[in-house]
Amino acid sequence: MERHPFPVVLTDPSLAMVQTLGRHVTGPLRPLLARAHRARPAVARALAALGPETAAVVRTTVALTRLSGSPAVNVVAATAEARANIRIQVGETVEGVVARLRRVVRDERVQLEVVSGNDPSPESPSDGPQFALLARAVEATYPGTVATPYVMLQASDARHFCRISDHVYRFSPFAMSRAQRDSIHGVDEQVDLDSLGRGVAFYRTLLLHDDGA
């Protein structure tokens, strides 16, 4: 699976993110980002090469997180099991992901089973009053910050709200370093006190300035 990663693709939400940020970027990347709509494959490959976080924006990711075999030190394993955590790219499906993994593994001794899974949630619009309200709350909390569309890479309970609303936004108003992001779901998960305070201010601004969006 590691030798055959999923192909990279710049989806429409990620294209919107790149185009928004591209207007504020200086240096050699600016020309490429300015033409992102005409150079989507090149931009996707560039993001994939920048590191694991940006790579996850442009492809389905597979991480083997649990391995088990023998139940005891002095027992030869009769079977082995691996659990994979998969983050599915926008535009793909659980069924399509499993089919591709079967083609990659190509071993009749290996059985693939979906323990639980959901197709990616629908894209929420970024050109209406709801997103504009989020952007205003961000600007009030982090002055000078650029609000941009983005696909959240994690699965959350927010997906259930898509049944009743077309405007479901996943957003964390906490500024986090790379080390802090790496600690999520791990040992010593944390945010700075200043960031925590700004997060509180963000939600206060969002709720008190709700204009019916």
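Modeller: Seven salt bridges are present in the structure. This is a predicted model, in which local features need pLDDT of at least 70, side-chain atom pairs count only at pLDDT 80 or more, and totals for chains, interfaces and linings use all residues. Residues are numbered from 1 along each chain as its sequence is written, and side-chain values use heavy atoms, with hydrogens and water left out.

Biologist: Why is the contact of Arg-181 and Glu-53 called a salt bridge?

Modeller: The term requires a side-chain nitrogen of Lys or Arg within 4 Å of a carboxyl oxygen of Asp or Glu. The N to O distance for Arg-181 and Glu-53 is 2.7 Å, so the pair meets the definition.

Biologist: What makes this pair a link between distant parts of the chain?

Modeller: Arg-181 lies in helix H7 (residues 178-182) and Glu-53 in helix H4 (residues 52-58), 128 residues apart. Helices here are DSSP runs (H or I, at least four residues), numbered from the N terminus.

Biologist: Why is Arg-109 called exposed, whereas Asp-107 is called partly exposed?

Modeller: Exposed means over 50% relative accessible area, buried under 20%, and partly exposed in between (1.4 Å probe, protein chains only). Arg-109 has 75% and is therefore exposed; Asp-107 has 26% and is therefore partly exposed.

Methods:
Helix = DSSP H or I, 4+ residues; strand = E, 2+ residues; numbered from the N terminus.
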